[in-house]
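Please examine the sequence and the structure shown below. The paragraphs that follow lead through them step by step.

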Amino acid sequence: MTLTVVALTLLAVALLGPVSHLLPRARWAAAEPRATLVLWQAVGLSAGLAVLGAAAAMAVAPLSDTLLGAFRIFFARLAAGDPTGGLGPFHTVVLLVALVLTARLLGVLGLSTWRTVRARGRHRRMVDLVGRPLRPGPATGTGSAQRESLVLDHPAPAAYCLPGGTPRVVLTSGAVELFDDEELAAVLAHERAHLAERHDLVVLPFAAWSKALPWLPTVRRSRTAVDRLVEMVADDRACADCDRTVLACALARFGAVSHAPDGALAATGTGTVLARVDRLLDPPRRSARLRSLLIAAAATLLVLPTLALLTTTL
Amino acid sequence: MARLGELERAVMEVLWSAPDSCTARDIVAALPDRDLAATTVLTVLSRLERKDLVARDRDGRAHRYRPTATREQHAATLMHEALDTAEDRTAALASFAEQVSAGEAEQLAASLVEALRRRSGARDG
């Protein structure tokens with residue numbers, strides 16, 4: 001099983017090192033943001049499988065040639081009353097590390113999901129109470145539109161969406177005043193695209209793990225990259241219904257007036273908004289070949305660690 | 001539940017637009033749906049009180065209700081929550097665009113001019 005351990009370790013190092021370092025810089029990502037997002041999901045999942053799989057394989061290696069066989073023997077010995085399962089102290093420690101790491105990654109994801117859902121629900125209930133409908137309709141309609149757009153009385157322009165079972169798009173009165181009708185429609189289309197594509201779920205594991213592993217710069221970098229790609233996908237989808245230049249106007253107008261007070265937000269002034277405007281005005285050429293390549297790479301990344309773990313010949 | 005939510009909204013609407021605190025009777029009279037029982041409104045008021053949205057003062061034999069914060073104050077709190085970049089905002093809310101630096105805002109103003117030019121060009125052509 002040494003080969004399995006070595007292969008998985010190499011895969012993990014490659015994914016957490018050079019791949020997560022280079023992928024955020026890839027210029028072609030802007031041409032195929034959705035396929036790149038798929039690749040990112042595969043990178044994350046594959047890296048997790050590789051790290052945990054390598055640790056587990058290393059721990060039970062003395063018991064058998066295959067991972068499944070080794071765990072079968074391990075549990076059989078546990079059941080027979082041997083508290084070590086037939087492992088020496090070193091291998092027991094490695095197994096414990098693998099277990100703690102697995103529990104931490106899954107626990108953080110679960111906790112983060114629960115917190116997010118709760119915070120979002122609370123926010124939505126308050127928005128429902130305080131906000132006014134964007135388009136005044138019949139005062140008490142029971143079958144109100146599933147995706148209600150609400151306006152908050154606030155001078156600062158802002159637009160955001162609240163994903164979930166009862167999604168909302170929220171605008172401030174400042175934003176409604178800032179945009180003309182066409183631009184407003186484009187902004188709404190952008191936010192609805194986030195909701196329709198469930199970008200909250202796409203971002204969730206990266207947000208959770210960048211919080212859980214703040215000392216791993218690659219995790220934070222991948223999270224930033226995923227955030228940007230999600231915005232590009234929403235821009236593209238919004239532009240299916242409206243002119244790209246209209247959304248570019250809305251975005252530039254929004255950015256030009258809503259800048260943060262000097263010094264307050266140096267960390268987030270990353271040029272993303274400017275890059276999005278440029279991308280809308282001069283869209284990169286789409287490439288079917290790049291798309292298939294990215295999907296194939298994603299599939300390979302998922303198959304590799306799975307094969308390494310399940311194979312019976314190593 | 002949806003019905004209760006709508007009633008809460010309607011009651012808050014009345015309280016926010018009233019110049020002074022209101023009795024339950026005032027609220028029933030001001031609601032568009034006049035067939036509501038006073039007890040229903042009292043139930044809604046106690047729910048709102050539990051959520052700290054409404055405060056109650058005793059005035060002789062009656063209770064007078066007033067909102068704990070104005071609509072604008074609530075909106076400001078929500079905005080703060082939505083735009084708070086220190087918290088993990090991206091997971092909870094997807095904002096149209098992140099806040100930009102002053103320098104980027106200047107560049108965006110220039111981009112806006114270009115975008116507007118192309119937009120009107122697209123319309124004319």
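Is the crossing of α1(A) and α2(A) left-handed or right-handed? In this predicted model, the two helices cross in the left-handed sense. Helix α1 of chain A spans residues 2–22 and helix α2 of chain A spans residues 33–60; their axes lie 8 Å apart and form an angle of about 145°. On the side of α1(A), the contact is made by residues including A:Leu8, A:Leu11, A:Leu15 and A:Val19. The residues contributed by α2(A) include A:Val43, A:Ala47, A:Val51 and A:Gly53. By class, the contact of α1(A) with α2(A) comprises 14 nonpolar and five polar residues, with no charged residue.

The domain assignment of chain A places residues 1–87 and 285–314 in domain 1, and residues 121–134, 147–260 and 270–283 in domain 2. Taken over C-alpha atoms, the centres of these two domains of chain A are separated by 33 Å. Where the domains of chain A meet, 14 residues of domain 1 are in contact with 15 residues of domain 2. On the domain 1 side, α1 and α2 of chain A each supply at least two residues, and α2(A) gives the most, with six residues. That side of domain 1 of chain A has eight nonpolar, five polar and one charged residue.

Chain A also touches chain B, in a contact that takes 57 residues from chain A and 44 residues from chain B. On the chain B side, the elements that give two or more residues are α1 (2–17), α4 (71–83), α5 (89–92), β4 (94–95) and α6 (102–124) of chain B. Of these, α6(B) gives the most, with 14 residues. The side of chain B that touches chain A has 23 nonpolar, nine polar and 12 charged residues.

Chain B also contains an open sheet of three strands, in the order β1-β3-β2 and with antiparallel pairing. Because β1 (22–23) and β2 (54–59) of chain B stand at the edges with a single partner strand each, one side of each has no neighbour in the sheet. Six bridges join β2(B) to β3 (residues 62–67) of chain B in the antiparallel sense. B:Asp59 has B:Ala62 of β3(B) as its bridge partner.

Confidence remains to be considered. Chain A averages a pLDDT of 87, and 91% of its residues score at least 70. Over residues 139–144 of chain A, pLDDT stays under 50, and the model has two contacts beyond four places in sequence for this stretch. Residues 262–268 of chain A also stay under 50 in pLDDT, with nine such contacts beyond four places in sequence.

Notes:
Residues numbered from 1 in each chain as written. Chains lettered and ligands numbered in written order. Predicted model: local features only at pLDDT ≥ 70, side-chain atom pairs only at ≥ 80, totals over all residues. Axes fitted to C-alpha atoms, helices over the stretch in contact; angles between N-to-C directions. Helix = DSSP H or I, 4+ residues; strand = E, 2+ residues; numbered from the N terminus. Left-handed = near helix turned anticlockwise from the far one by under 90°. Contact = placed C-beta atoms within 7 Å. Nonpolar A, V, L, I, M, F, W, Y, C, P; charged D, E, K, R; others polar. pLDDT = per-residue confidence, 0-100. Pairing = 2+ DSSP bridges. Domains from an automatic or database assignment.
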